[in-house]
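Visitor: Hi! Could you walk me through this model in plain words?

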Amino acid sequence: MSDEMDFEEGGTVKKFMFVNRKAPYGTIYALEGLEVVLISAAFDQDVSLAFVDDGVFQLVKGQKTDGVEMKNFSPTYRALEGYDIEKLYVDRESLEARGLTEDDLLVDVQVMSAAEMGDMMAQQDVLISF
Amino acid sequence: MAMDVNGVSIETDEEGFLVNLSDWNPDVALELAKGESIELTEQHWEVINFLREYYDEYQIAPAVRVLTKAIGKKLGPDKGNSKYLYDLFPYGPGKQACKIAGLPKPTGCI
Amino acid sequence: MLHIVNKSPFDTGSLASVLRVAKKDGGAVLLIEDGVYAAVKSSATEASLKAAGMPVYVLQADADARGLQSKLMEGVNMVDYGGFVDLVAGHDNVQSWL
């Protein structure tokens, strides 16, 4: 058993984008997606995360889950930096429609227009949607 | 599986990780370490306490690479390297140290 | 009738259907789980909830879990689990819009 998998030396680095479009607690997608992102960090690829539609709710500050007896996994987004995952892109229109601003989010992100988001997506080798 | 610590039965999974993270206390750590044939020194405790603080802050057990880097940042390069951590926890600072610290198995650990 | 909505209004049309169809006289809306996102102030759904013509209730624990403690619009009523039970008991019938 090893703690971590490594790609072979000289393996090509691809651009991976994980697209998060679901709210955090209503379904298991957000939590599962986050786990996949953490695992992907072991492969030394060029990883980015996009938050679109209800996915922006994953990053809202001040989540407190004691009353619903679920794990509050929002602090884990702040660990991504330590995993060298620093490209977090948020769709501005999704934020605005939900009454949110960048100040409501618990990590530093890059807020962008739909056109910019589309460009980011177009540059990727692999897109995985949760 | 279960182990007895000070007369309290503590449940562990098939790999020896705590089922209920809230069961952890330093005596439980000693018992878990005994199961790994490790005698806990001050250096071990430093890593264990670091892991518990990390979990408290981020709600995950860090991958070993992340742990190594973070320890180096906090405790200095002579401790933030694989050799130092593997000397303390021969079966891996991720898996073995997390187990003794009462954390879940690190995500991405196989 | 108590109408219970548990889906995000941005993801499904459940809330929009409730507001379109529900008989306002004697009606009430209870937002739970991802349904609570409808009550965020300055959101695209705020106006439609304001115009609901029925009392709107929000389950506190679900709002707290989602970090919405200080982000909810005025005019909605917060309820705890006991209040949830009272609402169900206090209406002749209940419809859960899945």
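**Pockets, sheets and rings**

Guide: Fifteen residues, or 15, line the largest pocket, and F50(B), Y54(B), Y58(B), A70(B) and K73(B) lie nearest its centre. A pocket here is an open set of points on a 1 Å grid over the protein atoms alone, where a 1.4 Å probe fits, with protein on both sides within 12 Å along at least five of seven lines; lining residues have an atom within 4 Å of a point.

Visitor: Which elements give two or more residues to that lining?
Guide: They are α2 (42-58) and α3 (64-75) of chain B. Helices (H or I, at least four residues) and strands (E, at least two) are DSSP runs, numbered from the N terminus.

Visitor: Before we go on, what kind of model is it?
Guide: This is a predicted model, where local features need pLDDT of at least 70, side-chain atom pairs count only at pLDDT 80 or more, and totals for chains, interfaces and linings use all residues. Residues are numbered from 1 along each chain as its sequence is written, chains are lettered from A and ligands numbered from 1 in the order in which they are written, and side-chain values use heavy atoms, with hydrogens and water left out.

Visitor: Back to the largest pocket: what volume does it have?
Guide: About 370 Å³. A volume is the space filled by probe spheres set on the points, with grid points joined across faces, edges and corners.

Visitor: And what classes of residue line the largest pocket?
Guide: Six are nonpolar, one is polar and eight are charged. Ala, Val, Leu, Ile, Met, Phe, Trp, Tyr, Cys and Pro count as nonpolar, Asp, Glu, Lys and Arg as charged, and the others, Gly among them, as polar.

Visitor: How much space lies in the second largest pocket?
Guide: About 190 Å³. Closest to its centre, among 15 lining residues, are E35(A), K71(A), Q59(B), I60(B) and T107(B). Helix α1 (residues 29-40) of chain A gives the most to this lining, with four residues.

Visitor: New topic: in what order do the strands of chain C sit in their sheet?
Guide: The five strands form an open sheet in the order β4-β3-β2-β1-β5, and the pairing is parallel. Two strands pair if DSSP finds at least two bridges between them.

Visitor: Why is one side of β4 and of β5 in chain C left without a neighbour?
Guide: β4 (77-79) and β5 (94-97) of chain C stand at the edges of the sheet, each with a single partner strand, so one side of each has no neighbour there.

Visitor: How many bridges join β1 to β2 in chain C?
Guide: Four, between β1 (residues 2-5) and β2 (residues 28-31), which run parallel. In that pair, L2(C) stands opposite A28(C).

Visitor: What about the hairpin in chain B?
Guide: Strands β1 (residues 2-5) and β2 (residues 8-11) of chain B pair in the antiparallel sense over four bridges. M3(B) stands opposite I10(B). Two residues lie between the strands, and N6(B) takes a positive phi near 50 degrees.

Visitor: How many aromatic pairs are there over all chains?
Guide: Six. Rings of Phe, Tyr and Trp (its six-membered ring) pair if their centres lie within 6.5 Å; planes under 30 degrees apart count as stacked, over 60 as edge-to-face and the rest as tilted. The rings of F51(A) and Y77(A) have centres 6.1 Å apart and planes at 70 degrees, so this pair is edge-to-face.
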